[in-house]
Amino acid sequence: MDVTSCFYECDVFHRRLRPKQHEFRYRVFYFYLDLDDLEQAARTLKIFGVNRPNIYSLRDGDHLQYAADGSGQPAPEGQKPRPVADNVREFLRRAGCPLDDGGSISMLCFPRMLGYVFNPVTVYFCFRDDGSPHASVVEVGNTFRELKPFLVPNTPGEKCDFEARLPKDYYVSPFSPVDLDFHFRFHLPDGRLRVFIDEYDTEGKILISTLTGRRRELSFANLLWLTAKFPFVTLKVIFLIHWQALRLWLKKIPFFWKETRAENQRGVFRPHRSLKKKA
């Protein structure tokens, strides 16, 4: 059964194993939102808006968007954004894992703060009409504003509620080639959040990433408290990404240019001009 909308106060941890070890940890907070109940969340939180300006704002256009013509292609520039839940449902249909009409979707993400957002990872937890877990979709973002969704099916009886190992075929970091595998392992959000994403090359595991946290009630008081504790959280995230990239560069970790493997970057939404030129 899905947990109601809430916050998660989180630790983000990364450890690179090869060719040189490198690790870091920082703290943030995430929104976990029932996409059928966004307006109620906006009324509760007061400084949170849906598709309208506010201190925090969730905008459909910041996430996965299909073309409105039913072609299954990424939305062209200038198309009016469709509700993010509709796009997640379309992705599930196209992946052969449709969600029933009475099912629900909850979204783990950073919304915009003061108009700016960057989501390295957004996770959609999808539930059947009876509240049982159906599947999850992880939307991986990069600093080129591109997105790529991955289907992570429900794995009942296993150690995790959702698990999949999938080809990356996507440029996320200049310090990781595109021809790696993602290994996704998620637990159902409850009092705790547990999201694990590792990367593998042909020799084995190369990168460990974890997102773990504790649930906080969705309330205006908690949002004010978390904002004071983690000010400018989205700017913090993008700053730390570039700071860690500088540290990796100083360690002389091999660097991969995006344009050199454009043909191996598949299923990308909002493709950067470097991919459009190769198309």
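User: What joins strand E8 (residues 133-141) to E9, and in which sense do they run?

Analyst: In this predicted model, seven bridges join E8 to E9, and the two strands run antiparallel. Two strands count as paired at two bridges or more, so seven bridges make E8 and E9 a pair. Within E9, Val152 is the residue opposite Ser136.

User: What makes strand E9 (147-153) and strand E10 (162-167) edge strands?

Analyst: The order of the open sheet is E9-E8-E7-E5-E2-E1-E13-E12-E11-E10, ten strands with antiparallel pairing. E9 and E10 each have a single partner strand, so one side of each has no neighbour in the sheet. Neighbouring strands here are turned by 20° against each other on average, direction ignored.

User: Which helices pack on this sheet, H2 (residues 84-94) being one?

Analyst: Helix H2 touches strand E5 (104-109), strand E7 (121-127), E8 and E9, and its direction makes about 110° with that of E5. Helix H4 (residues 233-250) also packs on the sheet, touching strand E1 (6-16) and strand E2 (22-34). The direction of H4 makes about 155° with that of E2.

User: How do you know that the length of H4 agrees with its 18 residues?

Analyst: At 1.5 Å a residue, H4 should span 26 Å. The C-alpha atoms at its ends are 26 Å apart, so the two values agree.

User: Which residues of H4 are buried, and why are they said to lie on the same side?

Analyst: The buried residues are Val233, Thr234, Val237, Ile238, Leu240, Gln244 and Leu248. Around the axis they cover an arc of only 160°, and therefore they are on the same side of H4. In general, an α-helix has 3.6 residues a turn, so residues three or four places apart point the same way. The buried residues of H4 pack against E1, E2 and strand E6 (112-113). The face turned away from the buried side carries the exposed residues Phe239, Trp249 and Leu250. After H4 comes Lys252, with a positive phi near 65°.

User: How many disulfides does the rule give?

Analyst: The count is zero. A pair of cysteine sulfur atoms has to lie within 2.5 Å to be called a disulfide. For Cys6 the nearest cysteine sulfur is that of Cys10, 9.5 Å away, and Cys6 is in no disulfide. For Cys97 the nearest is that of Cys126, at 8.0 Å, and Cys97 is in no disulfide either.

User: Why is Cys6 called buried, and why Cys97?

Analyst: Buried means under 20% relative accessible area. Cys6 has 0% relative accessibility, so Cys6 counts as buried. Cys97 has 15%, and therefore Cys97 counts as buried as well.

User: What makes E11 and E12 a hairpin, and how is each of them paired?

Analyst: E11 and E12 form a hairpin with five residues between them. Six bridges join E11 to strand E12 (residues 192-201), and the two run antiparallel; Phe184 stands opposite Ile197 in E12. E11 (residues 181-186) also pairs with E10 in the antiparallel sense, over six bridges. There Arg165 stands opposite His183 in E11.

User: What is the order of the open sheet of three strands, and why do strand E3 (48-50) and E6 stand at the edges?

Analyst: The order is E3-E4-E6, with mixed pairing. E3 and E6 each have a single partner strand, so one side of each is left without a neighbour. The bridge partner of Ser57 in E6 is Arg112. Helix H1 (residues 38-45) packs on this sheet, touching E3 and E4, and its direction makes about 155° with that of E3.

User: Why is Thr122 called buried, and what is Thr122 in contact with?

Analyst: Thr122, in strand E7, has 0% relative accessibility and so counts as buried. Beyond its neighbours within four places in sequence, Thr122 is in contact with residues including His63, Met107 and Val137.

User: What makes Ala135 buried or exposed?

Analyst: Ala135, in strand E8, has a relative accessible area of 0%, so Ala135 is buried. Leaving aside neighbours within four places in sequence, its contacts include Leu92, Cys97, Tyr124 and Phe162.

Key:
Residues are numbered from 1 along each chain as its sequence is written. This is a predicted model: local features need pLDDT of at least 70, side-chain atom pairs count only at pLDDT 80 or more; totals for chains, interfaces and linings use all residues. Side-chain values use heavy atoms; hydrogens and water are left out. Helices (H or I, at least four residues) and strands (E, at least two) are DSSP runs, numbered from the N terminus. Axes are lines fitted to C-alpha atoms, for helices over the stretch in contact, and angles run from 0 to 180 degrees between N-to-C directions. Contact means heavy atoms within 4.5 Å. The expected span of a helix is 1.5 Å times one less than its number of residues. Buried means under 20% relative accessible area, exposed over 50%, partly exposed in between (1.4 Å probe, protein chains only). The arc is that of the directions from the helix axis to the C-beta atoms.
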